Amino acid sequence: MHPNDPALKSFLDVAEQSDFPIQNLPFGIFSTASQPQARTGVAIGDWVLDLSVLESRGLIKPAAHAVFGDATLNTFISLGRQVWRETREAISQLLRHDNPVLRDDSVLRSQALIAQSEVQMHLPIKVGGYTDFYSSKEHATNVGSMFRDPANALLPNWLHLPVGYNGRASSVIVSGVDVHRPMGQVKPPSAEQPLFAACAKLDFELETAFIVGADTVLGEAVTVSDAESLMFGMVLLNDWSARDIQQWEYVPLGPFNAKTFATSISPWIVTMEALEPFRVQGPVQEPKPLPYLQQSGAHSFDISLEVDLQPESAKKPTTICKTNYRAMYWSMAQQLAHHTVSGCNVGVGDVMASGTISGSTPDSYGSLLELSWNGQRPLTLDDGTTQRSFLENGDRVTMRGWCQGAGYRIGFGEVSARVLPALSGRR
Ligand code: CA
């Protein structure tokens, strides 16, 4: 049976609503209190399967040397697509209900299976480069309408190329690491001169990202048809954004301090292979892009996405956005082809973010900027009284994503972090 077969069952109990059935098997880096060295695991139901244990027993062997004791996935990823597939297949075999090797070895099980509640997750890759695209037509239209002209919301290049910018790799952090409100230079419309202040318009951006799975050669472009074979998998991404800093600084070279203070990703990398059954056609592209960006077939993915906001004092979170990845105008393959068309090389572990994912209805917008229409229409949370235009200190933002199959889901888990007060004393 193929590892994606919906009929596959594990000997471990996995709830129907779990993000991590045997058909998923996402890779991550974790540690435990009793064994603080970070190592590779795969999520299965409520458990983490410790691949370093299976590797040391010779049950999986992706390379001649050990790779799953590493503190990042980069070495494993660099072994290439065939090895990713074979390893996933071997893990799937070991977890099947009818395979006794792990199922009936209680000592091995006690060593290799750890409750997710007992692990600490780490950044799964060493990030060499981080690029952020801007590929949702709905998001670009909303932002263009707000800040420029509703009649000409999209700039002239937008329908011809996947707009993007090079972000900051050093501040890509894993879910669970809280984020301080940034300090920076702002110029309120009423002020004559710019001020140095804590950001007053702190926002999230709901995004996904793909993780590059190969090193490419400087000077050589990746074709749009080869691009998907260079992707290892996907994560959820929160592109924290300081809107007031952004508005003052972004002309003419784009965002800088407004984005570089933190970018959070979910800890489990869902492989492109696990996502394969959820491939769908993206929107029709009109005008037709230039030949190096042309694709036919299904190159988007049906990924449901949600954002929860929970103020510090609130007992429960409020779901403030429900949307789907599938409507993204530019595909990931087009993004990678465009990124490299000038000869720019990319490398294993590079993070390529989608851009804010907004749908066409007001409850499907992927940022507070859009949800509150730049503060003109504050959101009311589920308690009926608390309002939000932008994030307050203590707010927790949690993003979730999953592909819904028949009786199972390929989930991403979550990317979640709290807003902490500005550290003005350090600056
Ligand atoms: Ca963004």
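Five strands, in the order E4-E3-E2-E1-E5, make up an open sheet with antiparallel pairing; strands here are DSSP runs of at least two residues (E), helices are runs of at least four (H or I), and both are numbered from the N terminus. Two strands pair if DSSP finds at least two bridges between them. At the edges sit E4 (113-115) and E5 (119-122), each pairing on one side only. From one strand to the next, the twist averages 45°, taken between lines fitted to C-alpha atoms, with angles running from 0 to 180 degrees between N-to-C directions. E3 (residues 47-50) joins E4 through 3 antiparallel bridges, and valine 48 has isoleucine 114 in E4 as its bridge partner.

The model is predicted, so to speak, with some ground rules: local features need pLDDT of at least 70, side-chain atom pairs count only at pLDDT 80 or more, and totals for chains, interfaces and linings use all residues. Residues are numbered from 1 along each chain as its sequence is written, and side-chain values use heavy atoms, leaving out hydrogens and water.

Next come the pockets. A pocket is an open set of points on a 1 Å grid over the protein atoms alone, where a 1.4 Å probe fits, with protein on both sides within 12 Å along at least five of seven lines; lining residues have an atom within 4 Å of a point. The largest pocket holds about 720 Å³ of space, a volume being the space filled by probe spheres set on the points. Its lining has 30 residues, and Tyr134, Val143, Gln246, Tyr250 and Pro255 are the closest to the centre. Helix H6 gives the most to this lining, with 4 residues. By class, the lining of the largest pocket has 15 nonpolar, 8 polar and 7 charged residues (Ala, Val, Leu, Ile, Met, Phe, Trp, Tyr, Cys and Pro are nonpolar, Asp, Glu, Lys and Arg charged, the others polar, Gly among them). The second largest pocket comes to about 320 Å³, and its lining splits into 7 nonpolar, 11 polar and 1 charged.

Then there are 16 salt bridges, each a side-chain nitrogen of Lys or Arg within 4 Å of a carboxyl oxygen of Asp or Glu. Arginine 388 and aspartate 395 meet in one of them, at 2.8 Å from N to O, and both are buried (buried is under 20% relative accessible area, exposed over 50%, partly exposed in between, with a 1.4 Å probe and protein chains only).
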